[in-house]
Amino acid sequence: MARNRIDRRALLRGLAGSTVAVSAASLTGALPAAASAADSNGQLIPRGRMGIQLYSVRDKIAQVGFAAVFEELSRIGYQEVEFAGYTQGAVGAITPAQIRQLLDDNGLKAAGSHRGLNDFRTNLEWELEVAETLGMPTLGTAQAPTGDRTIAGYQAAAAEFNAWGAAAAARGIKLYQHNHTIEFSFAVDRPDVRLYDLFLELTDPRYVYLEMDILWAYGGARKYPGFRPVDYVNAHPERFPLFHVKDGVPLPDPQQGNSYLDVEFGAGVIPFAEFFGELKGRGRFEFLWEQDTAPNAQPNPPGSLGAAERSYQRMVELRGAR
């Protein structure tokens, strides 16, 4: 077993290239203030609740598989992972039971998984069985509830989510939806109704939960002004089991895309110390780092795993305790 660990790490190093150390203090954005706030406010990110959305390292999973990536994430210090699929590219087929064994071997827990709306429509029971096998307390989607941005469209979508959520709850699993900026826009037939508010109102709090992608929520506030992201969480803390801890810099045109370009944690301008400092009951939430940017576009070696390690260390610094 020890020999296999060494070989996998050597393979990762060979794929990644040399590591470049980046000082948190050398980065622009809100990190210096955030670190100071962490010192005065205590643990802004509680111990045992720091994880990663595996989409951030999808290139490495496709190249070397779950086993090697899980080992490296565990070495970095991550404790939880959120899945973005259950395949590992050219490495070969793997079963949910085998993935669960790899999680256990590396001291990792499955926080959740992003699946498609059609996966729930056509194969809900299988999705729930996989979630149970992997030990997930939550299961969700990164898709908007519907592409139909009318009141009727959201009513129909809420009915679907309520049914899926009830089936998930029967197995002790929380079903969640992850936002981009578009969910904070307004109904096309009722420009006074924000779609995010409508989804919260129409879905049953016993069955439907939300994962706030913090960056895209700030993007929504920039693109469709009139709210503060943290206020949603504090108004409904029991409905937000997960965060995507994603940093970013504003795009020149606020109406472009998600209004921000995502970057490594600490290299952007999102006021995480302020956001986390205002949360009521921080122990309720899971804090999952994510960077959507294509791994081969991440400028500093060793690519996506290097970004994962640097971002983890900056999250630790923000937390206020190593």
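## Crossing of helix 3 and helix 11

Helix 3 crosses helix 11 in a right-handed sense; a crossing is right-handed if the near helix is turned clockwise from the far one by less than a right angle, and left-handed if anticlockwise. The contact involves D59, K60, E72, L73, R75 and I76 of helix 3, together with S304, L305, A308, E309, Y312 and Q313 of helix 11, where contact means heavy atoms within 4.5 Å. These residues comprise 5 nonpolar, 2 polar and 5 charged. In this classification Ala, Val, Leu, Ile, Met, Phe, Trp, Tyr, Cys and Pro are nonpolar, Asp, Glu, Lys and Arg are charged, and the others, Gly among them, are polar.

The axes of helix 3 (residues 58–76) and helix 11 (residues 303–319) come within 11 Å and cross at roughly 25 degrees. Axes are lines fitted to C-alpha atoms, for helices over the stretch in contact, and angles run from 0 to 180 degrees between N-to-C directions. Helix 3 and helix 11 are therefore roughly parallel to each other (angles under 35 degrees count as roughly parallel, over 145 as roughly antiparallel, 65 to 115 as roughly perpendicular and the rest as oblique).

## Basis of the model and overall composition

This is a predicted model, in which local features need pLDDT of at least 70 and side-chain atom pairs count only at pLDDT 80 or more, while totals for chains, interfaces and linings use all residues. Residues are numbered from 1 along each chain as its sequence is written, and side-chain values use heavy atoms, with hydrogens and water left out.

The chain contains 11 helices and 12 strands; helices (H or I, at least four residues) and strands (E, at least two) are DSSP runs, numbered from the N terminus. Of the 322 residues in the chain, 54% are buried (buried means under 20% relative accessible area, exposed over 50%, partly exposed in between, with a 1.4 Å probe and protein chains only).

## Two loop residues

D204 is located in the loop between helix 7 (195–202) and strand 8 (208–213), and it counts as buried at 18% relative accessibility. The side chains of D204 and R206 are joined by a polar contact of 2.7 Å. A polar contact is a pair of N or O atoms within 3.5 Å; within protein, one must be able to donate a hydrogen and the other to accept it, and residues adjacent in sequence count only if both atoms are side-chain atoms.

Q143 lies in the loop between strand 4 (138–141) and helix 6 (151–169) and is partly exposed, with a relative accessible area of 38%. The C-alpha atoms of Q143 and H178 are separated by 6.9 Å.
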